[in-house]
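My plan is to look things up piece by piece and jot down what I find.

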Amino acid sequence: MDYKEMYLKMMRASEAAIRILVKAQQECEEMYISQPEPKLIVLKDEKQSR
């Protein structure tokens, strides 16, 4: 059994998977920051209004 080749195959696949995940994360972050700012509403704290 060629353990070195098995190891290298696993490492290549792991690196490819990491690249895919990082790319997806970067794309999602770009989608998030490209959105318009949400309108924020400040709610009063009931404890402070007494």
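**Salt bridges.** Before counting, I wrote down the rule: a salt bridge is a side-chain nitrogen of Lys or Arg within 4 Å of a carboxyl oxygen of Asp or Glu. With that rule, I get two salt bridges in the structure.

**Ground rules.** I'm looking at a predicted model, where local features need pLDDT of at least 70 and side-chain atom pairs count only at pLDDT 80 or more, while totals for chains, interfaces and linings use all residues. Residues are numbered from 1 along each chain as its sequence is written, and side-chain values use heavy atoms, with hydrogens and water left out.

**Helix count.** I looked for helices (DSSP runs of H or I, at least four residues) and strands (runs of E, at least two), which are numbered from the N terminus. The protein has one helix and zero strands. Helix 1 covers 3-34, and Met-1 sits in the segment before it.

**Back to the bridges.** Which side chain does Arg-12 meet in a salt bridge? I found Glu-5, at 3.0 Å from N to O. To say how open these residues are, I use relative accessible area: buried is under 20%, exposed is over 50%, and partly exposed is in between (1.4 Å probe, protein chains only). Arg-12 is partly exposed at 45%, and Glu-5 is partly exposed too, at 39%.

The other pair I noted is Glu-27 and Lys-23, whose side chains meet at 2.7 Å, N to O. They are four residues apart in helix 1, so about one helical turn separates them. Glu-27 comes out partly exposed, with 41%.

**Overall shape.** How does the radius of gyration of the protein stand against that of a compact globule? I take this radius over C-alpha atoms, and the globule rule is 2.2 Å times the number of residues to the power 0.38. For 50 residues a compact globule would be near 10 Å, but the protein has 24 Å. The C-alpha trace spans about 75 × 25 × 5 Å along the principal axes. I also checked burial: 0% of the 50 residues count as buried.

**Two distances.** I picked Lys-44, in the segment after helix 1, and found it exposed at 77%. From Gln-48 to Ile-18 I noted 49 Å, C-alpha to C-alpha, for 30 residues apart in sequence.

**Surface.** Areas here come from the Shrake-Rupley method with a 1.4 Å probe, and for residues only the protein chains shown count as cover. The protein exposes about 5,700 Å², and carbon and sulfur atoms supply 61% of that.

Which residues make the nonpolar surface patch of about 430 Å²? I found Met-1, Tyr-3 and Met-6. Patch members need over 30% relative accessible area and no salt bridge; nonpolar side chains (Val, Leu, Ile, Met, Phe, Trp, Tyr) are joined within 5 Å, like charges within 9 Å. Met-1 is exposed, at 80%.
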